[in-house]
Amino acid sequence: MSSGSIEKTVTADFDDWVAARGPGLLRLAYVLTGNRADAEDAVQDALSRALPRWDHIRSVGDPDAYVRRMVVNAHTSWWRRFRKWETPVAEAYGDGVDQRRHEERDDVWAACLALPEAQRVALVLRYYEQLEYAEIAALTGVAEGSVRSRVSRGLAALRVALGQEHDDE
C-alpha cells in the first residue's frame, strides 16, 4: 500500500469517527462554553489537532476519551486566553416563547458559568456526559478524590446560587 492510500484510509476512518462522535463532542463543548460559537471553535480546534495524530489516538484504546480530553483542553486554553476580553450578553427571545422557562435556564447557565473552571468541568463530565468519577479522574488528570470534591463543591455552589437548600441528588 502506498503512503497516499494509507493517508486516505486514515482520513476516511477519522471522517467516519467524527461523523459518529462529532455531535456528542459539540454537546460537551456547548455545556462547557455556554454558547454554540465557542463550542464549535473548541471542537474544531480539538479535531484539527487530532487528525494528524489519528493513528496514535486510535491506538491508545479509547479515542473517544482522548478526543473529549482534547475538547476540554481546547476550551480551557481558550478560556485562559480570552476570559478577560469577552462579556456575555443576554439572548433575545422571540414572541410566544415561554419566558419563565428561559429565565430559569439562564439562571442555571449563569450559575454554572460562575463556577470555577475545574468544578464546572467535573460537573459537566459527571452529569451531562454521565461519566464515572474514575473516568473523570483519568480524563482530567487529577485524583478521583479531587473529582469527587470538585463535584460536591460545584453542586453546593449551584444550590446556593439557585436558592436551593436541600440535597436532591
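These notebook entries record what I looked up in a predicted model.

**Basis.** I worked from a predicted model in which local features need pLDDT of at least 70, side-chain atom pairs count only at pLDDT 80 or more, and totals for chains, interfaces and linings use all residues. Residues are numbered from 1 along each chain as its sequence is written, and side-chain values use heavy atoms, with hydrogens and water left out.

**Entry 1: helix 7 and helix 8.** I looked up the packing of helix 7 (residues 133-140) on helix 8 (residues 144-162) and found an angle of about 105°, with the axes 8 Å apart. Helices here are DSSP runs (H or I, at least four residues), numbered from the N terminus. Axes are lines fitted to C-alpha atoms over the stretch in contact, and angles run from 0 to 180 degrees between N-to-C directions. The two helices are therefore roughly perpendicular to each other (65 to 115 degrees). Helix 7 makes the contact (heavy atoms within 4.5 Å) through Tyr133, Ala134, Ile136, Ala137 and Thr140, and helix 8 through Glu144, Val147, Arg148 and Val151. I noted 6 nonpolar, 1 polar and 2 charged residues in this contact. Ala, Val, Leu, Ile, Met, Phe, Trp, Tyr, Cys and Pro count as nonpolar, Asp, Glu, Lys and Arg as charged, and the others, Gly among them, as polar.

**Entry 2: helix 6 and helix 7.** I then turned to helix 6 and helix 7, which pack at an angle of about 135° with their axes 10 Å apart. Val121, Ala122, Leu125, Arg126 and Tyr127 of helix 6 meet Tyr133, Ile136, Leu139 and Thr140 of helix 7. By class, I recorded 7 nonpolar, 1 polar and 1 charged residues there.

**Entry 3: second largest pocket.** I found about 300 Å³ of space in the second largest pocket. A pocket is an open set of points on a 1 Å grid over the protein atoms alone, where a 1.4 Å probe fits, with protein on both sides within 12 Å along at least five of seven lines; lining residues have an atom within 4 Å of a point. Of its 13 lining residues, Val31, Val108, Cys112, Leu123 and Leu158 are the closest to the centre. Helix 5 (99-114), helix 6 (117-128) and helix 8 each give two or more residues to the lining, and helix 6 gives the most, with 5 residues. The lining has 11 nonpolar, no polar and 2 charged residues.

Conventions: Angles under 35 degrees count as roughly parallel, over 145 as roughly antiparallel, 65 to 115 as roughly perpendicular and the rest as oblique. Grid points are joined across faces, edges and corners, and a volume is the space filled by probe spheres set on the points.
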